[in-house]
Amino acid sequence: MATLADFGPEAVAEVKQVRQVVADLHKQLIKWNLVVWTAGNVSQRLRTADLLVIKPSGLRYEYLTPSSMVVCDLDGNVVDGAEAPSSDTASHAYIYRHMPGVYGVVHTHSTYATAWAATGQNIPCGLTMMGDEFGGPVPVGPFRLIGSEAIGQGVVDTLKQYPHSSAVLMRNHGPFVIGKNAEDAVKAAAMTEEVAHTMWAARQLGDIIPIEQSDIDSLNDRYQHVYGQH
């Protein structure tokens with residue numbers, strides 16, 4: 001079985017840095033009210049090796065430290081770490097293997113996004129910020145059981161149909177969110193919950209006014225290529 005040292009000094013150095021990043025980002029899940037107790041997880045893929053760093057399974061957030069983060073290969077095998085990795089590790093690994101531009105994955109059970117998932121409904125694109133962030137509705141993925149790469153397969157298959165979306169609401173489960181790194185994915189997870197809440201509130205008031213696809217495309221292009229610092 002491979003050890004972290006087998007991947008070379010660059011990977012060892014990057015793992016140290018990424019462990020800190022991933023441990024710190026779990027605090028952001030709490031800050032933005034995206035998780036309860038031990039539910040949910042963040043991972044980041046390395047740039048220097050085919051490895052990922054992920055939260056250990058079932059450990060309370062207040063006990064998480066950089067050293068408790070688990071290093072796995074892209075088949076989900078543990079390479080370094082004293083704890084068992086998240087039960088979603090195989091699905092994170094599947095996403096990284098099949099989406100080479102993705103370097104961060106987040107899973108939560110945030111309340112409003114999971115409510116849409118429980119009813120099997122896409123979050124309709126009724127806000128310009130949804131055009132910006134998701135390029136359309138936030139889609140619902142298929143029902144899959146936890147513990148294998150099946151959830152990851154469902155995420156990848158769904159995102160093939162919604163290539164601008166960074167989030168999938170796995171039916172009867174909750175959101176899985178991707179990003180260019182773990183921080184980007186956490187931000188998108190927070191945005192997913194925000195639009196899920198707002199669109200739910202809008203439904204209570206009346207019919208949601210759809211945005212034309214051409215306008216959605218324009219919003220998404222501007223947000224991805226003009227907005228912010230480049």
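Predicted model: local features only at pLDDT ≥ 70, side-chain atom pairs only at ≥ 80, totals over all residues.

Numbering runs from 1 along each chain as its sequence is written, and side-chain values use heavy atoms, with hydrogens and water left out.

So, cores: sets of buried Ala, Val, Leu, Ile, Met, Phe, Trp, Tyr and Cys joined through side-chain atoms within 4.5 Å. Buried here is under 20% relative accessible area, exposed over 50%, partly exposed in between, with a 1.4 Å probe and protein chains only. The largest one has 44 residues, and Val-138 is among those with the most contacts inside it. Helix H6 (182-205) gives the largest share, 9 residues. Helices and strands, by the way, are DSSP runs numbered from the N terminus: H or I with at least four residues, E with at least two. Beyond four places in sequence, Val-138 touches Ile-123, Met-130 and Leu-169, among others; contact means heavy atoms within 4.5 Å.

There's also a second, separate core of 20 residues, including Ile-95.

Now helix H2. What covers its buried residues? Strand E1 (41-45), strand E3 (70-73) and helix H5 (150-161) are among the elements that do. In H2, 7 of 10 residues are buried, including Ile-95 and Ser-91.

Ser-91 has a relative accessible area of 1%. Leaving out neighbours within four places in sequence, Ser-91 is in contact with Ser-148, Glu-149, Ala-150, Ile-151 and Gly-152.
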